[in-house]
Amino acid sequence: MNTTTLSAMPVRYDPAVETFRDDEAQTQKDLVATLVDMASTMADHTGHAMRAVHAKSHGLLRGELRVLDGLPEPLAQGLFASARRYPVVMRLSTPPAEVLDDRVSLPRGMAVKVLGVEGARVEGSEGGTTQDFLFVDGPVFAAPDAKGFLRSLKLLASTTDKAPNAKRVLSSVLQGLEKTVESFGTRSGTLIALGGHPETHPLGATFFTQVPLRYGAYIAKLQLVPVSPALLALENAPLDLAGKPDGTREAVADFIRQYPAVWELRAQLCIDLERMPVEDASVEWPQELSPFVAVARITADPQEGWSEALAREVDDGMAFNPWHALAAHRPLGNVMRARKVAYAASSEFRSERNGCPIHR
Ligand code: HEM
């Protein structure tokens, strides 16, 4: 049972909370072209098509999501309206288009696919039965909008499949710089995105949707937080990656073979559209205005964690996409709108090139 109360009434969802811009369609077209170009560079080189970004998986897990009982009205919305249980598939990843040595230390993504979900769906997702939530281990997106992201992506695209060793050396320099910046009590999103992420265990991390979604009658961002003791012990735990190009994947598999993992899924309701904007993805919603509050738990019992067979099933046979969604969890804002075409283009590309249908 949840005891946290909000300091103000949550903002009600209304289509007017989104503001469309004239240049969106062009930005989305350029994004798709850049992403498909990155994916085909890698497919030509490796003979296998991967995601245009988040190509490398470090953990492929099965688990169960349990909606908490007795949620108060503003939190008992959409998928979280009743205390039900759902099977989930989880994919832990790092963002580049390439499968790099793990000593290039990067942000971590965690995608959660909730299976067997019933209810009205967002347009384009009508045939589906899953609700996907995508998270990264930082509270905000690197750019305010899709246009800003496209600028960095174009820079990144020019380095795809080039100089992996130089990226590893650069990464170790950036990790040192990031430690220095952190000693001043802050973190640098730019250094982290370029390879300066601390070499820590990804299962100790807290993950964020970074951008908002409809939360039934309201609007929210979500967070995935480790809560079981064995996961909590991994918070900021260093990883020894010396001589282990796939050391992150190995550490995840070592852990999940022995211990169950439990996360809390938390929602942060929007209570002020000025200070908690829908359109600007680079603004962190202040937790003192509206805290993240638990709405569900995800449990993954001990299991294999990663294998080639799992990679064929999940990396190749599935697509995690915020637009695989109930109408009650419609993705919101400029970045989310751009993701609709970008994810479809990337998954269609890899499905066609590999001759492997995407099952969900
Ligand atoms: C305009 C902004 C963005 C674009 C164009 C974009 C594009 C993409 C694409 C093309 C994929 C691969 C899809 C596939 O082949 O199945 C992907 C995966 C992913 N993205 Fe984004 N993305 C954006 C923003 C974000 C944000 C804000 C987050 C924060 C949570 C995020 C988290 C992820 C994660 C975790 C994955 C991996 C999903 C998986 O494991 O399959 N992305 N993104």
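Buried residues are those under 20% relative accessible area, exposed ones those over 50%, and partly exposed ones those in between (1.4 Å probe, protein chains only).

## Basis of the model

The structure is a predicted model, in which local features need pLDDT of at least 70 and side-chain atom pairs count only at pLDDT 80 or more, while totals for chains, interfaces and linings use all residues. Residues are numbered from 1 along each chain as its sequence is written, and side-chain values use heavy atoms, with hydrogens and water left out.

## Aromatic pairs

Five aromatic pairs are found in a search of the whole structure. Rings of Phe, Tyr and Trp (its six-membered ring) pair if their centres lie within 6.5 Å; planes under 30 degrees apart count as stacked, over 60 as edge-to-face and the rest as tilted. One of the pairs is formed by Phe-80 and Tyr-215, whose ring centres are 5.7 Å apart with planes at 15 degrees, so this pair is stacked. Because Phe-80 lies in the loop between β1 (56-67) and β2 (85-94) and Tyr-215 in strand β6 (residues 213-215), the pair ties together parts that are 135 residues apart in sequence. Helices (H or I, at least four residues) and strands (E, at least two) are DSSP runs, numbered from the N terminus. Phe-80 and Tyr-215 are both buried.

The rings of Phe-141 and Phe-149 have planes at 45 degrees and centres 5.1 Å apart, so they form a tilted pair. Phe-149 is partly exposed, at 27% relative accessibility. Phe-80 and Tyr-215 also belong, with Phe-133, to one aromatic cluster.

## Charges over rings and the setting of Arg-337

A charge sits over a ring if NZ of Lys or CZ of Arg is within 6 Å of the ring centre and within 35 degrees of the ring normal. The charged end of Arg-249 is placed in this way over the ring of Trp-306, 3.8 Å from its centre. Likewise, the charged end of Arg-337 sits over the ring of Phe-20, at 4.2 Å from the ring centre.

Arg-337 belongs to helix α8 and is buried, with a relative accessible area of 9%. Its side chain makes a polar contact (a pair of N or O atoms within 3.5 Å; within protein, one must be able to donate a hydrogen and the other to accept it, and residues adjacent in sequence count only if both atoms are side-chain atoms) with the side chain of Glu-279, at 2.9 Å.

## Iron and ligand surroundings

The ligand contains an iron atom with a single donor from the protein, Tyr-343 (OH), 2.0 Å away. Donors are N, O and S atoms within 2.8 Å of the metal (3.2 Å for Na, K and Ca); water is not among the atoms, so sites may look incomplete. Tyr-343 lies in helix α8 (residues 334-354), and an N or O atom in the Tyr-343 side chain is 2.7 Å from a nitrogen atom of the ligand. A polar side-chain atom of Arg-339 is 3.2 Å from a ligand nitrogen atom, and one of Ser-346 is 2.5 Å from a ligand oxygen atom.

Elements giving two or more residues to the shell around the ligand are α1 (24-46), β3 (109-114), β4 (131-136) and α8. Helix α8 gives the most, with seven residues. In total, 25 residues surround the ligand, a residue being near if one of its heavy atoms lies within 4 Å. The closest are Arg-51, Arg-91, Tyr-343, Ser-346 and Arg-350.
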